[in-house]
Amino acid sequence: MSVNQQAHSGPPYGQPQPAYQRYQQPGYGGQQMPGVPHSQYGVYNGPVPGHQQPAPPQGYFPSLGLPSKGSPVSLNSDTSSLAPNFIGPLRTPPTSGAPPPTSGAPLPVGQPAYNQFGQGDVQNGIPASAVQMQRLSVSQPFIPGSTPTSISQLSSFQQYGPSPTSAQQLTNHMARMTIGSVPTSAAPPAGLGYGPSTSVPPASGSFTATGSGLYTPYSSSQGPPPASMTHGLPPTSLSQGVPLAQPAFSGLPLSMQRLPSQGPGYAPPPSSTGIGPSNYPSTTGAPRPSTMQSPPLSGQALAGLPASQPNHLSSPPPQQAMSGPHPGPPMTGLQGPPPPPTHPSQPGYQIQQNGSFGQVRGSQPNYGGAYPGTPNYGSQPGPPPPPKRLDPDSIPSPQLSELPPQQKSRHRIDPDAIPSPIQVIEDDRNNRGSEPFVTGVRGQVPPLVTTNFLVKDQGNTSPRYIRCTSYNIPCTSDMAKQSQVPLAAVIKPLAMLPTEETPPYLVDHGESGPIRCNRCKAYMCPFMQFIEGGRRFQCCFCSCVTEVPPHYFQHLDHTGKRVDFYDRPELSLGSYEFLATVDYCKNNKFPNPPAFIFMIDVSYNAVKSGLVRLICEELKSLLDYLPRGGNLEESAIRVGFVTYNKVLHFYNVKSSLAQPQMMVVSDVADMFVPLLDGFLVNVNESRTVIASLLDQIPEMFADTRETETVFAPVIQAGLDALKAAECAGKLFIFHTSLPIAEAPGKLKNRDDKKLINTDKEKTLFQPQTNFYNNLAKDCVAQGCCVDLFLFPNQYLDVATLGVVTYQTGGSIYKYTYFQLETDQERFLNDLRRDVQKEVGFDAVMRVRTSTGIRATDFFGAFYMSNTTDVELAGLDCDKTITVEFKHDDKLSEDSGALLQCALLYTSSAGQRRLRIHNLSLNCCTQLADLYRNCETDTLINYLAKYAYRGVLNNPVKTVRDALINQCAQILACYRKNCASPSSAGQLILPECMKLLPVYLNCVLKSDVLQPGPEVSTDDRAYIRQLVTSMDVAETNVFFYPRLLPLTKVDVDSDALPAAIRNSEERLSKGDMYLLENGLNIFVWVGVNVQQGLIQNLFGVSSFSQISNTMSTLPILENPFSKKVRSIMDMLQAQRSRYMKLIIVKQEDKFEMLFKHFLVEDKSMSGGASYVDFLCHMHKEIRQLLS
């Protein structure tokens, strides 16, 4: 089902569904079409040999056969002309990346369609439809801008059928969404050497064989089957099955089994040919052969299709649209699926119902029994194969284990066939971007993070603050264990909202403070139940009854709601703030405003690179932009300055001084702050002294020869200064090298690439010493947050230096090989944003849950001294805390489950506040409901953080295997318990999780879990820490970067060009592309780009003159340059860090780096391509099921 559809509460089938406005939909599988007479026949079970099909229905153009790839029927424009290769009534545009497949022969009106559910003639679903709708061909790429068919030209039968007659039918209908039916699987022909012709019972169900037409599995030593490709899905179900190259007859959709005719030079394969590994060309390094050695993918041009035989291929297999030399005539036995043999011993393929190998259905009135194969191999084709039974959940696919070794790297799978992230993102934008997301209903799945939408808070918190892996959680722990879907929430308590949305209201209850439950201390929220006329309230978390204080009392209306319900944010909104009383403050006294201390490394490297001068220049103006908090005219934050190399220099910048004074502390082993008065000052009062200091620092150290630095004493000094001033605050440390000078926290260079892929690899992620853990603990106790700006030219040990930053809730920024001209822009933007952003200091966060679940695990940049409280010296608007929940009791479907996240913090104005976020979730007893309400982006965010923590204590291979195994179990549980029965050869993915394999593969291929030789140890530690506090939008673009074709930009429109998938196959030499992943922006320029475009964007006249060292695009006065720069500014504004611009010319040295981000391709470090990984996941799932 579509993420966007509610499980069982959707509109009745007579009305259009909200997700698919503007399109009429054909009758669902098995529903009677209005205006079409019921058939007097039973259920269709394949044509009789020689049975002549009646004329095709109106709207089908036999001369065109299947649409060619060159001119696909596009489904996204609103024009009303017919596409040139229109082949009959369309379904709604599929949202799964590829249009639905043709169903073999179109059924004429009045002919019975396939039964939906299988065994015998019993039907427990919706009545069988009398009209099989013509479907679009299989593998058409989605090309925006081409012409679709308009509604007015669709077939007259294209309306909804009547509603199902009973609740049971509706349930079946929704749970399976089977349109038409599932593919029948058939036995391979006896003589083809696909495996022994013996009876091997299949994995699912029992199968009684008659004759020799048995289901024979392949043995893994034999050659791969022809790839069977069906990959469009019925648009409503979207439980996308994924086509992988599949054993041809375990679930090969029969509509794809076209019989090759005797075209010139194409002999039919001899019936005894074995297709073994030797028949296939080796693939290592060789281009793919351009002939199709598999059933033709519908969607490719089929040459010379005779008009009188619309359902047969009477021409040689089509050319695949691949580059590479033509390998000559295809090898014997390889062109298309083998024709059914004519051995007398094999009377026909047994048609297996529903792919579940149950009893064979009896013959139908008016039709013969089983399909006995074609009687001749002449140029006249035999009868059409039965229409494909399409299970919307499933598409046949191959097993990795069943391919010979040299074949594993290559699957002739059309990448358009498998779930496309771009398509899913686009569909969600179209379906959910226009309406506001109203949070009044329990357990709603929000739009994707990639969709722009407005939120209206009506009692549940906005998804900008909390996103969950599932919005419908299992009622029991057994069910949760069975599904293996982690129950987690990614919480971003101080998230910034768009300007159109109202920030949380501040509620002041005076000296008595916020109203809370007596027992569990939960805060007043919309889910609390007022009783006894409003004199008491029952806690929604622990059910305890608490007296309402007299000053808070209010009468109830006839519905039991307080009459001041809408006047109080805490009763009507999901997110709000309370002003905290003195009881919520340290030592029972209100806090002082926080302080910022800037600590600048003035060793030789920092001075020589121009860094020290740059920082001092920037701070002069930046100090006017400190966060103000509230409506203050000037910031309450005080500032201080320290410089250091092997010793520390403190500066007295008291406003009464004419010149700043410097004090040096050389005893770094016993750190102390040499002055109290004059160290932390108000910026406005001491403006001239500060300006004088910032002018002098670069001059003072201009001739330094000191190369060694200390690090821990710098943090210690900042911490002591905040202690002395009795305030919380933030240290901004600018540091360049490994601290090797004699001092506490001294480090040695332990970088060792040889440890990669060994059991000791985990030590590279662990700190060298415990010293920094203890220092971090002291910092958290004082509310001292550390932000670290690193400028390394060699190994710096981020894993150790980052410990204090990580545990205090700070941020790390890293500029390797810092150079003024290329990195200045990025560093200054990061520094400005870091200094100006809203931060909560000295914070404690607790997550309360209703009875039945509890928070058990936490991920992010924080410190925990007990099992419930997340302590943060600082928490900014970009940081998230990820919380995992486990069952400790049963939940009930009626009451659902509740979360309340409470954050106590000091604002930048020095005000103590409580920010509360509430969220209600549904609970379910059916696994299908769980899978229908999951959010893959949040699931991937959780899994990445879980894995990145795992590498601290486990070998990386163990972590990778655990990830793959957990995801295989999630998908296998869905397959076993929620999908309609179908052949084991089909990979079936839940609609909401169809992108789980592609995204998971990106996590597995990331630098932390699978580094290439060029990735440094520091980079891996840096990425590991970054990802741990990322929100869902950031992990989404980090793991699956956004790729935009710049040459498709419309200079007159505000819209971005449509994104394309991350694969080299999608790039064209004549185009330019922009790729962003949250840390970098690449602009890739193809060798054949028009000179005019190069001139307009780069200001040079030819490809060879483009410089790859530019860090910003030149400002040129032409529409193209303006548009591209505005796109980049827009992307930069969406990200929490300023992305580095890297210009990549095709075939130059940076291209390897760029290709590393084309995540659907095989990676240099050995990561699998998307297609290969999908095959691997399928194999894992099959092993779990068997």
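Trainee: Among contacts in the protein between residues at least 6 apart in sequence, what percentage join residues at least 24 apart?

Mentor: The model discussed here is predicted. The contacts to consider are those between residues at least 6 apart in sequence. Of these, the share that joins residues at least 24 apart is 78%.

Trainee: How many helices and how many strands are there in the protein?

Mentor: Both kinds of element occur in this protein. The strands number 31, and the helices number 21.

Trainee: What percentage of the residues in the protein is buried?

Mentor: A residue counts as buried when its relative accessible area is under 20%. The protein has 1186 residues. The buried residues make up 62%.

Trainee: Are helix 9 and helix 10 roughly parallel or roughly antiparallel?

Mentor: Helix 9 spans residues 771-782 and helix 10 spans residues 798-807; their axes come within 8 Å and cross at roughly 20°. Angles under 35 degrees count as roughly parallel. The relation of helix 9 to helix 10 is therefore roughly parallel.

Trainee: Are helix 6 and helix 7 roughly parallel or roughly antiparallel to each other?

Mentor: Helix 6 (residues 611-622) packs with helix 7 (residues 687-700) at an angle of about 170°, and their axes are 9 Å apart. Angles over 145 degrees count as roughly antiparallel. Helix 6 and helix 7 are therefore roughly antiparallel.

Trainee: How many charged residues does the contact of helix 6 with helix 7 have?

Mentor: On the side of helix 6, the residues are V612, R613, C616, E617, L619 and K620; they meet A691, L694, D695, I697, P698 and E699 in helix 7. Seven residues of this contact are nonpolar and no residues are polar, while the charged residues number five.

Trainee: Does N605 count as buried, partly exposed or exposed, and what is its relative accessibility?

Mentor: N605 lies in helix 5, residues 604-608. Buried means under 20% and exposed means over 50%. N605 therefore counts as partly exposed, with a relative accessibility of 30%.

Trainee: Which residues is N605 in contact with, leaving aside its neighbours within four places in sequence?

Mentor: The C-alpha atom of N605 is separated by 9.8 Å from that of H735, 130 residues apart along the chain. With the neighbours within four places set aside, the residues in contact with N605 are T736 and N793.

Note on methods: Residues are numbered from 1 along each chain as its sequence is written. This is a predicted model: local features need pLDDT of at least 70, side-chain atom pairs count only at pLDDT 80 or more; totals for chains, interfaces and linings use all residues. Side-chain values use heavy atoms; hydrogens and water are left out. Helices (H or I, at least four residues) and strands (E, at least two) are DSSP runs, numbered from the N terminus. Buried means under 20% relative accessible area, exposed over 50%, partly exposed in between (1.4 Å probe, protein chains only). Contact means heavy atoms within 4.5 Å. Axes are lines fitted to C-alpha atoms, for helices over the stretch in contact, and angles run from 0 to 180 degrees between N-to-C directions. Angles under 35 degrees count as roughly parallel, over 145 as roughly antiparallel, 65 to 115 as roughly perpendicular and the rest as oblique. Ala, Val, Leu, Ile, Met, Phe, Trp, Tyr, Cys and Pro count as nonpolar, Asp, Glu, Lys and Arg as charged, and the others, Gly among them, as polar.
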